[in-house]
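Colleague: I would like to learn how to read a structure like this one. Please take me through it a feature at a time.

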There are 2 protein chains.
Amino acid sequence: MAATKGEPAQNKALYRATMNDIARECGLSKMTVSRVLGNRASVGSASRRKVEAAAKKLNYELNSMARNFNFNRSGFIGIAMWTGTLIGSYYFGEIFRGFQSALQGSTHHFALFDTASESFNDGTKLARLYQQRKVDGLLIVAPHTHDHFLQTLQNLRVPMVVVGESLPEPSVCSISCDDAAGIRAVCQHLVTLGHRRIAFVGGPDGLISSERRKLAFEQFCRDNGLMLPPAYIQPGDYTMPGGRRAALALLAAPDAPTAIVAANDLMAFGVIETARSLNVSVPGELSVAGFDDLPTAADRFPSLTTVRQPVSTMAEHGAKILLRSLENHEIPSEHLTMEVSLTVRESTGAPR
Amino acid sequence: MAATKGEPAQNKALYRATMNDIARECGLSKMTVSRVLGNRASVGSASRRKVEAAAKKLNYELNSMARNFNFNRSGFIGIAMWTGTLIGSYYFGEIFRGFQSALQGSTHHFALFDTASESFNDGTKLARLYQQRKVDGLLIVAPHTHDHFLQTLQNLRVPMVVVGESLPEPSVCSISCDDAAGIRAVCQHLVTLGHRRIAFVGGPDGLISSERRKLAFEQFCRDNGLMLPPAYIQPGDYTMPGGRRAALALLAAPDAPTAIVAANDLMAFGVIETARSLNVSVPGELSVAGFDDLPTAADRFPSLTTVRQPVSTMAEHGAKILLRSLENHEIPSEHLTMEVSLTVRESTGAPR
DNA sequence: TTGTAGGCGTTATCAG
DNA sequence: CTGATAACGCCTACAA
C-alpha cells in the first residue's frame with residue numbers, strides 16, 4: 001500500500017450563517033426570515049426579496065438538525081436487513097430502486113442498518129434507533145423467521161413495513177409476492193409439457209417465502225397425483241453452488257426427474273451448469289425452471305424459464321405506505337401480496 | 001395485487017421520557033441526569049444509581065436529535081454513488097462490508113445517496129447535505145470523471161473520502177488499487193506462458209480506473225514489443241454482454257488473439273461464454289483473464305485467472321480515514337493505493 | 001405583514 | 001459532586 005500526502009488543505013470549517021445573521025443583515029426579525037426560508041408563510045415581497053438576497057450572499061442553508069429537532073423527526077428512514085447476504089445482490093438493488101422512487105418529493109433520506117449483529121436480534125438495538133429518534137421509521141427487508149425483533153418493535157409502536165416477506169403477524173404491515181401462485185404456475189407449465197417426474201430445490205430455512213414455495217410445490221404434486229419421493233425435495237440455499245449440489249444428487253439417482261424447479265434463479269443456474277457438466281442436455285433431457293427472473297436469466301444459454309416477481313414495485317409500495325403512515329402519525333398494518341408472472345424461455349420443454 | 005387489512009393497531013405514539021422527567025422522578029437536577037446518561041462525568045454513586053433506576057423505569061432513551069443538535073453533528077456518514085449501476089453489485093457489497101467494519105465502536109451510521117439525479121452533478125445537492133448538517137461527511141464511491149461535484153465539495157470544505165477511484169486532484173483524499181500493476185501482472189503471466197497476441201476488453205469511459213487499466217495494457221504491449229492492432233483494444237462496459245460482444249469481434253477476425261484480458265471479471269465471463277459457443281476451447285485455444293476476483297471466478301468452469309483487488313480493505317481504510325478526520329475536525333487529503341495480486345486459475349495456459 | 005416570547009432536549013459553563 | 005443558567009437554531013403561538 002502506497003500513500004501520498006496531498007497539499008496541506010484548508011482545515012478550518014467554513015462559518016455557517018444562521019437565520020439570526022440574515023435577520024441582522026437585512027434589519028428584520030428572525031421570524032420573518034424563518035417564514036421566508038423555512039415556512040413559506042406569507043411575507044411582504046420587499047422583505048422576502050431582502051431575505052433571499054441576504055441568504056444567497058451569506059451562502060445560507062437551513063440547519064436541518066435544528067429543524068428536525070423542532071419537528072421531532074429525524075428525516076431518515078432506516079433500511080434494516082441482513083446486509084451480509086443481501087447488500088451486493090440483484091434483489092437488494094431492485095429493492096433500493098423501489099425505495100428510491102417512493103422517495104420522490106419527500107424530504108426523507110435512507111439510512112442503512114445491519115441486523116446481523118448480536119444485539120439486533122431481540123429488537124433492542126433496532127427499536128433504540130427509533131426511540132433515540134435516529135430514524136422516523138423502518139423498512140425491514142426480507143427478515144428471517146429467527147429474527148425476533150418484530151414483536152419488540154411492534155410493542156414499542158415503531159412505524160415499520162416489512163418488505164419481501166409475508167409475516168404471520170396480522171398487525172405488522174408486510175408486502176410480499178404470491179410465492180405459491182408462482183410455483184403453481186411453473187409446475188402447471190411443466191405438467192402441461194408432459195412432465196410427471198418433477199423435483200424441487202428449496203431455499204434456505206428461516207425465510208417464510210422460501211418455506212411457502214416448498215409447500216406450494218408439495219401441494220401441487222399431491223393435487224396432481226405426481227410422484228414425490230423424498231429425494232425429489234432437495235435442500236438449497238439460494239446460491240449457485242447450492243443448485244449444483246442439489247442437481248448432482250438428483251441426476252445421479254436411478255429415477256432421475258425430467259424437470260427440476262429451483263426456488264430461485266441462482267440455484268437454477270447451478271442446476272443447469274451441473275447438467276451440462278454431466279452431459280445432460282437442457283431442455284432436451286432435463287427441463288429447469290427458476291424463480292426471480294434475474295436479468296441474466298434471459299441472457300444465459302439456455303435462457304431460463306422463471307417466475308418474475310415485481311421486487312422494485314413491492315419495495316416502492318412498502319416505502320410509500322411507510323411514508324404515508326409517518327405523515328399521518330399512524331402505524332400501518334395492511335398486508336399486500338403482489339402478483340407474479342411466469343416467463344417461459346428455453347430451459348423448459350417437453351420430456352423425451 | 002391483494003390486500004388485507006390487519007387489526008386496527010395502536011396508533012398513538014408512546015410518550016417518551018426526557019431528562020427532565022428523570023430529574024423530577026429522582027429529585028435531582030437534569031444536569032446530574034445528563035452527566036449520568038450522556039456525559040459519563042463524575043457523579044456520586046448514590047445519585048448515579050437513582051438516575052439509572054429511574055431511566056430504566058421510565059424506559060428512557062437519549063434523544064439523539066437534541067444531542068446532535070447540541071454537538072452540531074448529525075451522526076450520519078453519507079455514502080454517495082451512482083446507485084443505479086452499483087447498488088446490486090458484488091463490488092458494492094464488499095465496499096459496504098468494509099465501511100461497516102470501520103464503524104465498529106463509532107456512533108455514526110450510514111446514509112445512502114444517489115448521485116445519478118441531475119442536480120447532483122454540480123455538487124450542489126451533495127454539498128447541501130453537509131451544509132444542512134444531514135451528514136457529517138461523505139464517502140464517495142467510484143465517482144465518474146464526468147461527475148463534476150468534487151470541486152464544489154472541496155471548495156465548501158466538505159469532509160470526504162473517495163473510494164475506488166484515484167483522482168488527479170491531490171487535495172481530495174482518495175483510496176484506490178494499483179490498476180496498472182494488476183494489468184501488468186496479468187500480461188506478464190500471459191507472456192511468460194508464451195502468448196504474443198494478446199487483446200484487451202476495456203471498461204466504460206468515465207472511470208479513471210478503467211482508463212488506467214487500458215493505458216497500462218497498451219504500455220505493456222509497447223514495452224514488450226507485442227503486436228497491437230487497433231482491433232485488439234475492444235470497448236466494453238463491465239457487463240457480461242459487453243464481454244460477449246467484444247469476444248465475437250475478436251475471435252471472428254483473421255489474426256485472432258491467443259489471449260484476452262478483460263478489464264473486469266464479468267466481461268471475462270462473457271468472453272468465455274462466447275468462446276464456448278464458438279467452440280473455441282479455454283484455455284486450450286484461448287486464454288482469458290479478468291480483474292476483480294469475484295467469488296464466482298473460482299467456481300466457474302474453467303475457473304478464472306484474475307487480479308484480486310482488496311475492495312473491502314480499501315473501503316475500510318477510507319471510512320476510517322474519514323471518521324478520524326471528523327474527530328479531528330480536519331479534512332483528509334492523502335492518496336492511498338492498495339496492492340493487487342494475481343490469482344492464476346484454469347482459464348489461462350500456454351498457447352498452442 | 002411583522003415581531004416578541006417561549007420552548008423543543010441536551011450540554012457547557014460557572015458557581016456553590 | 002451538584003445545580004442554576006444560558007445556549008444551540010428553528011418554529012409555534014400569540015400579539016401588534
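Colleague: Where in chain A is the place of A:His146?

Modeller: First, some ground rules: this is a predicted model, in which local features need pLDDT of at least 70 and side-chain atom pairs count only at pLDDT 80 or more, while totals for chains, interfaces and linings use all residues. Residues are numbered from 1 along each chain as its sequence is written, and chains are lettered from A and ligands numbered from 1 in the order in which they are written. Helices (H or I, at least four residues) and strands (E, at least two) are DSSP runs, numbered from the N terminus. A:His146 sits in the loop between strand 4 (137–141) and helix 8 (149–155) of chain A.

Colleague: Is A:His146 buried or exposed?

Modeller: A residue is buried if 20 or more other C-beta atoms lie within 10 Å of its own, exposed if 12 or fewer, and partly exposed in between, with C-beta atoms placed from the backbone. A:His146 is exposed, because 8 other C-beta atoms lie within 10 Å. From A:His146 to A:Asp205 the C-alpha distance is 9.5 Å, although they are 59 residues apart in sequence.

Colleague: How many residues of chain A count as buried, and what is its radius of gyration?

Modeller: Of its 352 residues, 50% count as buried. Chain A has 14 helices and 13 strands.

Colleague: Which residues of helix 4 of chain A are buried?

Modeller: They are A:Ser64, A:Met65, A:Asn68 and A:Phe69. These residues lie on the same side of helix 4 of chain A, because they cover an arc of only 135° around the axis. The arc is that of the directions from the helix axis to the C-beta atoms. On the face turned away from that buried side are the exposed residues A:Asn70 and A:Phe71.

Colleague: What do the buried residues of helix 4 of chain A pack against?

Modeller: They pack against helix 4 of chain B. Two residues are in contact if their C-beta atoms, placed from the backbone, lie within 7 Å. Between the chains, 64 residues of chain B are in contact with 64 residues of chain A. On the side of chain B that touches chain A, there are 27 nonpolar, 23 polar and 14 charged residues. Here Ala, Val, Leu, Ile, Met, Phe, Trp, Tyr, Cys and Pro count as nonpolar, Asp, Glu, Lys and Arg as charged, and the others, Gly among them, as polar.

Colleague: In what sense do strand 3 of chain A and strand 3 of chain B pair?

Modeller: Two strands pair if DSSP finds at least two bridges between them. Strand 3 (residues 109–114) of chain A and strand 3 of chain B are antiparallel, over 3 bridges. In one of these chains, A:Phe110 has its bridge partner across in the other, B:Leu112.

Colleague: What is the order of the open sheet of 6 strands in chain B?

Modeller: The order is 8-7-9-10-11-13, with mixed pairing. Strand 8 (233–234) and strand 13 (341–343) of chain B stand at the edges with a single partner strand each, so one side of each has no neighbour in the sheet. Inside this chain, strand 9 (residues 259–262) and strand 10 (residues 287–292) run parallel, joined by 3 bridges. B:Val261 has B:Ala289 as its bridge partner in strand 10 of chain B.

Colleague: And in chain A, which strands form an open sheet?

Modeller: In chain A, 4 strands form an open sheet in the order 8-7-9-10, with parallel pairing. Strand 8 (233–234) and strand 10 (287–289) of chain A are the edge strands, each pairing on one side only.

Colleague: Which residues are closest to DNA strand C?

Modeller: A residue is near a molecule or strand if its C-beta atom, placed from the backbone, lies within 6 Å of it. DNA strand C is surrounded by 25 residues, the closest being A:Ser42, A:Gly44, B:Met19, B:Ser34 and B:Gly38. Helix 2 of chain B gives the most to this surface, with 5 residues.

Colleague: Which residues come nearest to DNA strand D?

Modeller: Of the 23 residues around DNA strand D, the nearest are A:Met19, A:Ser34, A:Gly38, B:Ser42 and B:Gly44. Helix 2 of chain A gives the most here, with 5 residues.
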